[in-house]
Amino acid sequence: MENKIGVIIVSYRNPKGTRNYIKEQLSKLSTSYTVVVVNVAATLDDSIELATQCELTFVDDPCKRLDDIKQGYLIWSQENLGYAKGNNLGVNFLERIGNFAYYLFSNDDIEIKQSYILDYLAHKLSENNEMGCIGPRILGLDKCDQSPHDRYVSPYRTIGWNLFPFLRKKKNINIPTTSLRLNAHYTYWVCGAFMMVKAEAFKKAGMFDNVTFLYFEEVILAERLVSVGYKVYFDPAVEVLHYEGGSSGTFSKQKRRLLLNSQILYYRKYKHISKPILWLYQFSYFIHNILYKM
């Protein structure tokens, strides 16, 4: 039977983590799937070695059409493509080799809890025509939930938080799960560390926005899905553990700049916020980092 689920993993200079995820976590799954690892900021030799270690078929040219479908592939890029471009490249590759109904986007620092999680998520997506994306419960090592995100946070509110952080109230999502009750429901967006989309909805929405490099990709995808008639769903009946940091490391000054760039793109392109407000937003961001991040 042809696999209906394609799994895309973008690996950034984390060969050990990627290998362990392929060998120890994906091997738990009871559902058939085809996986492609997109090895970015990589060399040819390192990519061949990683493919061998993961027992994946190495493909030097991701545009090459393959007739014999394997369970797993590794494609590579010398460029650090980031989350959006890397995942889009993986989807485009899978489209050339098969007819997939669902795509799972996964980090390589994930611990899978239930062997049937892919089947469960795919079944939920198939039950409802308006559901375009679904995310499970994602717990961090601090035992706090990283999904769902039910509300749009306006730049006006964030400006206030940046300048007067003591006004910001703690959200339930930051409370350890022992004191949090979650239920399945439609939400604004879910964490992109482990989420599944309908292939048809993903393509109709225009895939991830290639302009983004890191951060806000799943928020922007949610906006794109809504614009073509789909919704995002959160279901805590299945869950994964996220060892955050394996893919992107510590939160450096460069990553803060990437975060700000993605936020500005999101507010400007998808929320149509005016230039003066965006300038004030950036100003408040820099002031916050000077006063409170020293």
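## Arg65 and its loop

Arg65 sits in the loop that links strand E3 (57–58) to strand E4 (72–76). In this predicted model, Arg65 is exposed, at 61% relative accessibility. Its C-alpha lies 6.6 Å from that of Ile97, although 32 residues separate Arg65 and Ile97 in sequence.

## Confidence

The protein chain has a mean pLDDT of 90. Of its residues, 90% reach 70 or more. One stretch needs care: over residues 172–179, pLDDT stays under 50. The model has 16 contacts beyond four places in sequence for residues 172–179. Where pLDDT is low, predicted coordinates should not be read in detail.

Strand E9 covers residues 194–198 and is mostly covered, with five of its five residues buried. Phe194, Met196 and Lys198 point one way from E9. Met195 and Val197 point the other way.

E9 has pairings with E5 and E7. E5 and E9 run antiparallel and are joined by five bridges. Within that pairing, Leu104 stands opposite Met196. E7 also pairs with E9 in the antiparallel sense, over two bridges. There, Cys133 has Val197 as its bridge partner.

## Ser106 in strand E5

Ser106 belongs to strand E5, residues 102–106. Ser106 is buried, with a relative accessible area of 4%. Its side chain makes a polar contact of 2.6 Å with the side chain of Tyr21.

What else touches Ser106? Beyond its neighbours within four places in sequence, Ser106 contacts Ile8, Ile9, Val10, Tyr21, Ala193 and Phe194. Phe194 is also one of the buried residues of E9.

## Backbone exceptions

Most residues other than glycine have a negative phi, and most peptide bonds are trans. Several sites here depart from that pattern.

Arg13 has a positive phi, near 50 degrees. Arg13 lies in the loop between strand E1 (5–12) and helix H1 (15–25). Arg13 is exposed, with a relative accessible area of 61%. Ala41 has a positive phi too, about 50 degrees. The loop of Ala41 runs between strand E2 (34–40) and helix H2 (44–54). The peptide bond from Ser147 to Pro148 is cis, with omega near 0 degrees. Pro148 is placed in the loop between strand E7 (131–140) and helix H5 (155–163).

## Helix H7

H7 is mostly covered, with nine of its eleven residues buried. The buried residues are Glu217, Glu218, Val219, Ile220, Leu221, Ala222, Glu223, Arg224 and Leu225.

Just after H7, Gly229 takes a positive phi of about 95 degrees.

## Helix H8

Helix H8 spans residues 253–270 and has 18 residues. From its first C-alpha to its last, H8 reaches 25 Å. That is close to the 26 Å expected at 1.5 Å a residue.

The buried residues of H8 are Lys255, Leu258, Leu259, Leu260, Ser262, Gln263, Ile264, Leu265, Tyr266, Tyr267 and Tyr270. Among what covers them are H5, helix H7 (217–227) and helix H9 (275–292). Just after H8, His272 takes a positive phi of about 55 degrees.

## Cysteines

How many disulfides does a search of the whole structure find? It finds zero. A disulfide is a covalent bond between the sulfur atoms of two cysteines.

Cys144 counts as buried, at 11% relative accessibility. Cys54 counts as buried as well, at 3%.

Conventions
Residues numbered from 1 in each chain as written. Predicted model: local features only at pLDDT ≥ 70, side-chain atom pairs only at ≥ 80, totals over all residues. Heavy atoms only, no water. Helix = DSSP H or I, 4+ residues; strand = E, 2+ residues; numbered from the N terminus. Buried < 20%, exposed > 50% of the residue type's maximum accessible area, 1.4 Å probe, protein only. Polar contact = N/O pair within 3.5 Å; in protein donor to acceptor, adjacent residues only side chain to side chain. Contact = heavy atoms within 4.5 Å. Pairing = 2+ DSSP bridges. pLDDT = per-residue confidence, 0-100. Expected span 1.5 Å × (residues − 1). Disulfide = S-S within 2.5 Å.
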